[in-house]
Amino acid sequence: ATRARSAERLRALGFTLTDSAANFLFAKPPAPHEAERLFLGLRARGVLVRYFKQPRISDYLRITVGTDEEMDVFFRELEALL
């Protein structure tokens, strides 16, 4: 349920998500936001997501789905950066 809510919230913020049933979301930020900048901003705020500076996936963040409380923190900090 947390995964579905998080995916819906990311889409509402303009993110594009890949199809997956894993414990993470692979999300591309809306323009003009860049995945690497969001990764660095989240890390500076104590929120860890994965970023891979590799061809084909450098526009995406890998967001592990945590508890409802952890996801609330993630979204609070993400929205502050957006």
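The model shown in every view is predicted.

**View 1. Overall fold of the protein.** The secondary structure consists of three helices and four strands. Along the sequence these elements follow the pattern α-β-β-α-β-β-α. The radius of gyration is 12 Å, close to the 12 Å that the globule rule gives for 82 residues, so the protein is as compact as a globular protein of that length. Taken along the principal axes, the C-alpha atoms fill a box of roughly 30 × 25 × 20 Å. Of the 82 residues, 37% are buried. Among contacts between residues at least 6 apart in sequence, 56% join residues at least 24 apart.

**View 2. Helices α1 and α3 in contact.** Two packed helices are described by the angle between their axes and the distance between the axes. Here the axes of α1 and α3 come within 11 Å and cross at roughly 10 degrees. The two helices, α1 and α3, are therefore roughly parallel to each other. On the α1 side, the contact is made by Thr2, Arg5, Ser6, Arg9 and Leu10. On the α3 side, Asp68, Met71, Asp72, Phe74, Phe75, Leu78 and Glu79 take part.

**View 3. The largest nonpolar core.** In soluble globular proteins, nonpolar side chains tend to be buried together. The largest nonpolar core of this model has 21 residues, and those with the most contacts inside it are Leu10, Leu61, Ile63, Phe74 and Leu78. Two or more residues of this core are given by each of α1 (2-12), β2 (24-28), α2 (35-44), β4 (61-64) and α3 (68-81). The largest share, five residues, comes from α3. Leu78 touches Leu10, Leu13, Phe15, Leu38 and Leu42, leaving aside residues up to four places away in sequence.

**View 4. Surroundings of Phe74.** Phe74 lies in helix α3 and is among the residues with the most contacts inside the largest nonpolar core. With a relative accessibility of 4%, Phe74 counts as buried, because buried means under 20% relative accessible area. When residues up to four places away in sequence are not counted, Phe74 touches Leu10, Leu42, Val47, Val49 and Ile63. Phe74 and Glu34 are 40 residues apart in sequence, and their C-alpha atoms are 17 Å apart in space.

**View 5. Helix α2 and the residue that follows.** The buried residues of α2 are Ala35, Leu38, Phe39, Gly41 and Leu42. These buried residues of α2 pack against β3 (50-51), β4 and α3. Among them, Leu38 and Leu42 are touched by Leu78, and Leu42 is also touched by Phe74. Just after α2, Gly46 takes a positive phi of about 85 degrees.

View 6. Thr64 lies in strand β4. Is Thr64 buried, or is Thr64 partly exposed? Its relative accessible area is 43%, and Thr64 is therefore partly exposed. Not counting residues up to four places away in sequence, Thr64 touches Asn23, Phe24 and Met71. The C-alpha atoms of Thr64 and Phe26 are separated by 8.8 Å, although the two residues are 38 residues apart along the chain.

Terms used
Residues are numbered from 1 along each chain as its sequence is written. This is a predicted model: local features need pLDDT of at least 70, side-chain atom pairs count only at pLDDT 80 or more; totals for chains, interfaces and linings use all residues. Side-chain values use heavy atoms; hydrogens and water are left out. A nonpolar core is a set of buried Ala, Val, Leu, Ile, Met, Phe, Trp, Tyr and Cys residues joined through side-chain atoms within 4.5 Å. Buried means under 20% relative accessible area, exposed over 50%, partly exposed in between (1.4 Å probe, protein chains only). Contact means heavy atoms within 4.5 Å. Axes are lines fitted to C-alpha atoms, for helices over the stretch in contact, and angles run from 0 to 180 degrees between N-to-C directions. Angles under 35 degrees count as roughly parallel, over 145 as roughly antiparallel, 65 to 115 as roughly perpendicular and the rest as oblique. The radius of gyration is taken over C-alpha atoms; the globule rule is 2.2 Å times the number of residues to the power 0.38.
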